[in-house]
Amino acid sequence: MIVLQNVGYRYHSGPEVLHDLSLELAEGSFHFLTGASGAGKSSLLRLLYLAQRPTRGKLYLFGREVGGLKRHQLPDLRQRMGVVFQEHRLLPHLTAYENVALPLRIAGIKPKQIKKHVTEILEWVGLANEMHALPITLSGGEQQRVAIARAVINQPDMLLADEPTGNVDDELAERLLYLFEQLNRQGTTIVIATHAEHMINRFAYPRLHLRHGNLRVMPPLQLPETLRRGTL
Ligand SMILES: Nc1ncnc2c1ncn2[C@@H]1O[C@H](COP(=O)(O)OP(=O)(O)OP(=O)(O)O)[C@@H](O)[C@H]1O
Ligand SMILES: [Mg+2]
């Protein structure tokens, strides 16, 4: 689903911010992406959602090498991805409802279906009373939930989320992670960048850890062998 071979990335003529990343993420996998501020998490996600291309090495998405893709081939691939940006990027002139409805409108879903799905997902993320509000009138955490609803509404094959629970309380963060978990159970491949250590430890998924642009893959926390039944 996602394959990186010796991928490096630099912004313009600046220093390389991602070095020699090699990685294979299977279809249907769930990974947290961690690392200190400035380690390169958002830069790596931008490569994965095709906002920028590797400056060296090869990146394969859905079995296709992205270096060889023409500009007009990108929208098809992007439609298969749900993306939650660190800075939300809601369309300011559209209401919460209209922002979330957008991917379904683009996919040509019937208005009646759109209404049902958008209403349901906005209620689920706790925004039943804010559906017709413009983004500017919403709090940071509310905007973040609209962005999450928009990213998951069309059941994407791949979900890439940059700090999706950064502005919400722990209870809501857990509810949102549950949403991602259920999506993953239905086959969506997921990568979530986060700083929330307690969340990472609570959900047993492997972790892609970046340090100064270098990547290490860490397995999830495992129970000590001693505590497993049948080992004594
Ligand atoms: N648009 C840009 N132009 C030039 N350099 C950039 C740009 N965006 C990020 N960088 C640099 O790339 C490096 C990695 O930044 P990145 O935003 O990927 O980190 P991050 O892990 O997402 O950090 P945070 O946790 O603060 O979001 C940093 O050194 C940063 O200064
Ligand atoms: Mg970032």
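In which strand is the place of Asn6? In this predicted model, Asn6 belongs to strand β1, which spans residues 2-10; helices (H or I, at least four residues) and strands (E, at least two) are DSSP runs, numbered from the N terminus. Although Asn6 is not a glycine, its phi is positive, at about 45°. With a relative accessibility of 42%, Asn6 counts as partly exposed, where buried means under 20% relative accessible area, exposed over 50%, and partly exposed in between (1.4 Å probe, protein chains only).

Residues are numbered from 1 along each chain as its sequence is written, and chains are lettered from A and ligands numbered from 1 in the order in which they are written. Because the model is predicted, local features need pLDDT of at least 70 and side-chain atom pairs count only at pLDDT 80 or more, while totals for chains, interfaces and linings use all residues; side-chain values use heavy atoms, with hydrogens and water left out.

The protein chain comprises seven helices and 10 strands. Its radius of gyration is 18 Å, close to the 17 Å that the globule rule gives for 232 residues, so the chain is as compact as a globular protein of that length. The radius is taken over C-alpha atoms, and the rule is 2.2 Å times the number of residues to the power 0.38. Along the principal axes, the C-alpha atoms of the chain fill a box of roughly 55 × 50 × 30 Å. Of the 232 residues in the chain, 49% are buried.

Ligand 1 is surrounded by 13 residues, the closest being Ser37, Gly38, Lys41, Ser42 and Ser43; a residue is counted here if one of its heavy atoms lies within 4 Å of the molecule. Helix α1 (residues 41-48) contributes the most to this shell, with four residues. Divided by class, the shell holds four nonpolar, seven polar and two charged residues. In this scheme Ala, Val, Leu, Ile, Met, Phe, Trp, Tyr, Cys and Pro count as nonpolar, Asp, Glu, Lys and Arg as charged, and the others, Gly among them, as polar.

A polar side-chain atom of Lys41 is 2.7 Å from an oxygen atom of the ligand. A polar backbone atom of Gly40 lies 3.0 Å from an oxygen atom of ligand 1, and an N or O atom in the side chain of His195 lies 3.1 Å from an oxygen atom of ligand 1. Taken alone, ligand 1 exposes 630 Å², of which the protein buries 61%; accessible areas come from the Shrake-Rupley method with a 1.4 Å probe, and for residues only the protein chains shown count as cover.

The magnesium ion (ligand 2) has Ser42 (OG) and Gln86 (OE1) as its protein donors, at 2.0 to 2.4 Å. The pair ties together parts that are 44 residues apart in sequence, because Ser42 lies in helix α1 and Gln86 in the loop between β6 (81-84) and α3 (96-106). Donors are N, O and S atoms within 2.8 Å of the metal (3.2 Å for Na, K and Ca); water is not among the atoms, so sites may look incomplete. Ser42 is buried, at 15% relative accessibility, whereas Gln86 is partly exposed, at 40%.

Several loop residues were also examined. Leu50, in the loop between α1 and β4 (56-61), has a positive phi near 65° in a residue other than glycine, and is buried with a relative accessible area of 6%. Ser29 is placed in the loop between β2 (16-25) and β3 (30-34); a polar atom of its side chain lies 2.7 Å from the backbone oxygen of Ala26, and Ser29 is buried at 13% relative accessibility. Thr137, in the loop between α4 (111-124) and α5 (140-152), is exposed, with a relative accessible area of 57%. A polar side-chain atom of Thr137 lies 2.7 Å from the backbone oxygen of Leu134. Thr188 occupies the loop between α6 (170-185) and β8 (189-193) and is buried, with a relative accessible area of 4%.

Technical notes:
A polar contact is a pair of N or O atoms within 3.5 Å; within protein, one must be able to donate a hydrogen and the other to accept it, and residues adjacent in sequence count only if both atoms are side-chain atoms.
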